[in-house]
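Hi everyone, thanks for making time. Let me put the model up, and then I'll walk you through a few spots in it.

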Amino acid sequence: MTLPVILLAAGYSRRFGDADKRLARISPSETLLEASLNPFSDRSIHLALRLNDRDAPWLDALCARFPTVQPVFCTRSEQGMGATLSEALSRSEAKLDKDAVLVALGDMPSLTPEVVARVEASAGALNIVRPWLLRSNGAGLPGHPVAWGRAFWPALKGLTGDNAGKCVIAAHPEALVRLEMSDPRACHDVDRPDALRRY
């Protein structure tokens, strides 16, 4: 099963400084956002963007490189990730023809197709599947992408502010599948400029 993805790239990344984090270079030929799209290039990508990205000069080139990208321009992105996810799902739902959708982040350039495949292999309409990085001290670290079964889409569409899916998971702990893995790339995101040095 190849699931569609909602990829969240509408944040303002204040910890990154004044530059647009999405356009930071991972390599001379690839931006952070482009690298984050790579693991999903074989599927429908509903790309959540800011409303003012509609006329961004880089957007046409991005869509040409990733033909399955469908930009979703969010009017409430300044309110936080929860508001963005709510709006992106509401605007994309009519085009989502599977029992689950992947939600991913636009600042995870080292995520692999193998991690994505493992998550979607366990996905279903009635569960929430999340990568869970096992650490040497026995603790776990939650990662992305998260597969959200269709049963939870109404709750996701009701999200506000910056609290994304955590409150939905907290309300339905019995539905959560913690997919244990040892690949740290399921948890590597870029919050600050110095985090780019690992790539």
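Predicted model: local features only at pLDDT ≥ 70, side-chain atom pairs only at ≥ 80, totals over all residues.

Find β8, residues 140–142, and β9, residues 146–149; Pro-145 lies in the loop between them. The peptide bond that leads from His-144 into Pro-145 is cis, with omega near 0°. For background, most peptide bonds are trans.

Okay, on to the inside. Which residues have the most contacts within the largest nonpolar core? That core has 30 residues, and the ones with the most contacts inside it are Leu-7, Leu-33, Leu-37, Phe-40, Leu-47, Leu-62 and Leu-102. Several elements give two or more residues to this core, including β1 (5–8), α1 (32–37), β4 (45–50) and α2 (59–65). Also on that list are β5 (69–74), β6 (100–105), α4 (113–121) and β10 (176–181). Then, apart from this core, there's another one of 24 residues, with Leu-105, Trp-148, Phe-152 and Trp-153 among them.

If you set aside its neighbours within four places in sequence, Leu-62 is in contact with Leu-33, Glu-34, Leu-37 and Leu-47.

Next up, helix α3. It has 12 residues and reaches 16 Å from its first C-alpha to its last, close to the 16 Å expected at 1.5 Å a residue. Why do I call α3 largely enclosed by the rest of the structure? Because nine of its 12 residues are buried. Those are Gly-82, Ala-83, Thr-84, Leu-85, Ser-86, Glu-87, Ala-88, Leu-89 and Ser-92. What covers them includes β1, β4, β5, β6 and α5 (153–157).

You'll have noticed Glu-87 on that buried list. Glu-87 has a relative accessibility of 6%, yet it forms a salt bridge with Arg-91, with the closest N and O atoms 3.0 Å apart. Arg-91, on the other hand, is partly exposed at 48%.

While we're on charges: how many salt bridges does the count come to? It comes to 11. The general idea is that side chains of opposite charge can pair when their charged atoms come close.

Here's one that reaches across the chain. Arg-65 and Glu-30 meet through their side chains in a salt bridge, 2.8 Å from N to O. Arg-65 is in helix α2 and Glu-30 in strand β3 (residues 30–31), so this pair ties together parts that are 35 residues apart in sequence. Arg-65 counts as partly exposed, at 38% relative accessibility, while Glu-30 counts as buried, at 14%.

Within it, the side chains of Arg-22 and Asp-20 meet at 2.9 Å, N to O. Arg-22 is buried, with a relative accessible area of 4%, and Asp-20 is partly exposed at 24%.

Is Arg-43 buried or exposed? At 6% relative accessibility, Arg-43 counts as buried. You'll find it in the loop between α1 and β4. Its side chain makes a polar contact with the side chain of Glu-120, at 2.7 Å. Not counting residues up to four places away in sequence, Arg-43 touches Thr-2, Leu-3, Val-5, Thr-68, Leu-102, Val-116 and Glu-120.

Last stop, the cysteines. A disulfide needs two cysteine sulfur atoms within 2.5 Å, and by that rule the count comes to zero. Take Cys-63: the nearest cysteine sulfur belongs to Cys-74 and is 14 Å away. For Cys-167, the closest cysteine sulfur is also in Cys-74, at 17 Å, too far for a bond. Cys-63 is partly exposed at 23% relative accessibility, and so is Cys-167, at 35%.

That's my tour. Happy to take questions!

Terms used: Residues numbered from 1 in each chain as written. Heavy atoms only, no water. Buried < 20%, exposed > 50% of the residue type's maximum accessible area, 1.4 Å probe, protein only. Core = buried A, V, L, I, M, F, W, Y, C linked by side-chain atoms within 4.5 Å. Helix = DSSP H or I, 4+ residues; strand = E, 2+ residues; numbered from the N terminus. Contact = heavy atoms within 4.5 Å. Polar contact = N/O pair within 3.5 Å; in protein donor to acceptor, adjacent residues only side chain to side chain. Salt bridge = Lys/Arg side-chain N within 4 Å of Asp/Glu carboxyl O. Expected span 1.5 Å × (residues − 1).
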